[in-house]
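Biologist: Could you take me through this two-chain assembly, starting where the chains meet and then looking inside each of them?

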Amino acid sequence: MASTIRVRATSNGDTTEVQALIQHPMDSGFVKDARGQIIPPHFIQELTFEYDGKAVFVADWGGGISKDPYVKFAFKGGKKGDDLKVSWVDNKGATDTTTAKIQ
Amino acid sequence: MSITDNEFSATRRLVLKGAGTVALAGLGVISFDLPAAFAAANDKYPEEAFKQKSEADAVKLLYGRTAELSDKVKMDAPEIAENGAVVPVSVSTTLTDVTSIAFLVSENPNALIASYKIPAGTIPSVANRIKMAKTSNVIVIVEAAGKLYSATKEVKVTVGGCGG
């Protein structure tokens with residue numbers, strides 16, 4: 001299965017800017033479906049970005065993040081061609097991981 | 001012969017059952033003790049904070065203190081969000097030694113939206129997209145050098161995107 005994570009990491013020599021887009025329903029648990037049944041909560045809880053074996057950014061999320069979440073941040077360092085590892089785990093224990101090359 | 005066999009296995013079952021109960025009881029004690037110990041550590045997912053209805057309770061659980069408004073925290077959010085399901089909000093700050101940034105929406109069923117850990121070397125600037133149930137204050141909290149700074153902005157949510 002294709003990864004749910006799309007990452008773009010670009011280095012300008014000094015800092016690396018990271019944008020990530022993840023496919024996930026992000027159901028908050030407060031929304032009802034067409035039959036009036038509550039859609040149970042299903043959302044990403046933790047999203048981690050690792051560079052050079054260290055976490056450079058960690059997101060703790062609740063159900064208030066939009067469907068198919070987007071996040072953008074930047075960190076100092078990061079060389080072109082190096083790996084950036086991205087992984088998430090949701091409230092049902094599902095997880096996904098991908099590794100992106102810094103451009 | 002068969003009788004002794006049965007007796008043996010019955011005893012064995014009892015012993016196993018007993019051992020199982022003891023093991024379970026042991027696990028029970030551990031799982032009751034651990035959450036308190038983990039809550040002190042900062043790297044655990046703050047489950048309870050995400051369940052709070054009010055932003056004050058969520059902030060208290062997350063940081064154990066209150067925030068002061070600061071003009072050094074710059075929030076970028078729309079005046080009017082036509083679609084409350086996708087509201088782009090970003091924050092940046094000139095504060096130094098930032099360790100975390102949190103987003104809250106006061107009128108949402110659960111106020112806390114996201115809490116980002118900012119390790120040393122990461123720029124204290126985050127953009128994300130959040131859900132808003134209705135018109136509400138969006139609050140951003142920046143933890144810098146152990147203190148909390150905040151910025152607040154009201155975002156109007158129009159239902160159906162007709163501007164009404």
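**Where the chains meet**

Biologist: How many residue pairs are in polar contact between chain B and chain A?
Modeller: This is a predicted model, in which local features need pLDDT of at least 70 and side-chain atom pairs count only at pLDDT 80 or more, while totals for chains, interfaces and linings use all residues. Residues are numbered from 1 along each chain as written, chains are lettered from A and ligands numbered from 1 in written order, and side-chain values use heavy atoms without hydrogens or water. A polar contact is a pair of N or O atoms within 3.5 Å; within protein, one must be able to donate a hydrogen and the other to accept it, and residues adjacent in sequence count only if both atoms are side-chain atoms. With both residues at pLDDT 80 or more, the count between chain B and chain A is 16 residue pairs.

Biologist: Which element gives the largest share of the side of chain B that touches chain A?
Modeller: Helices (H or I, at least four residues) and strands (E, at least two) are DSSP runs numbered from the N terminus. Helix 2 (47-50), strand 6 (112-117) and strand 7 of chain B each give two or more residues to that side. The largest share is six residues, and it belongs to strand 7 of chain B.

Biologist: How many residues on that side of chain B are nonpolar?
Modeller: Here Ala, Val, Leu, Ile, Met, Phe, Trp, Tyr, Cys and Pro count as nonpolar, Asp, Glu, Lys and Arg as charged, and the others, Gly among them, as polar. The side of chain B that touches chain A has six polar and six charged residues, and its nonpolar ones number 16.

Biologist: Which side chains meet in a salt bridge between the two chains?
Modeller: A salt bridge needs a side-chain nitrogen of Lys or Arg within 4 Å of a carboxyl oxygen of Asp or Glu. Between chain B and chain A the count is one. At 3.2 Å, N to O, the partners are Asp60(A) and Lys117(B).

Biologist: Which residues of chain B lose the most area to chain A?
Modeller: Contact (heavy atoms within 4.5 Å) takes in 30 residues from chain A and 28 residues from chain B. The buried area, meaning the accessible area (1.4 Å probe) that two parts lose on being put together, summed over both, is about 2200 Å², with 53% given by carbon and sulfur atoms. On the side of chain B, 30% of what is buried comes from three residues together, those that lose the most: Tyr45(B), Arg129(B) and Lys131(B).

Biologist: In which sense do strand 5 of chain A and strand 7 of chain B pair?
Modeller: Two strands pair if DSSP finds at least two bridges between them. Lys72(A) stands opposite Ala127(B), and Val71(A) faces Asn128(B). Strand 5 (residues 70-76) of chain A and strand 7 (residues 125-130) of chain B are joined by two bridges, and the sense is antiparallel.

**Inside chain B**

Biologist: How many bridges join strand 4 to strand 7 within chain B?
Modeller: One link is the bridge between Ser92(B) and Ser125(B). Strand 4 (residues 87-93) and strand 7 of chain B run antiparallel, and the number of bridges is six.

Biologist: Is Ser106(B) buried or exposed?
Modeller: Ser106(B) lies in the loop between strand 5 (98-105) and strand 6 of chain B. Its side chain makes a polar contact with that of Ser136(B) at 3.2 Å; beyond neighbours within four places in sequence, Ser106(B) is in contact with residues including Lys53(B), Glu55(B) and Ile139(B). Buried means under 20% relative accessible area, exposed over 50%, partly exposed in between (1.4 Å probe, protein chains only). At 19%, Ser106(B) is therefore buried.

**Inside chain A**

Biologist: What percentage of chain A is made up of buried residues?
Modeller: Chain A has zero helices and seven strands, and its C-alpha trace spans about 55 × 25 × 20 Å along its principal axes. Of the 103 residues in chain A, the buried share is 46%.

Biologist: What is the relative accessible area of Thr48(A)?
Modeller: Thr48(A) lies in strand 3 (residues 44-51) of chain A. Leaving out residues up to four places away in sequence, it touches Ala55(A), Phe57(A), Val58(A), Lys85(A), Val86(A) and Ser87(A). Thr48(A) is buried, with a relative accessible area of 18%.
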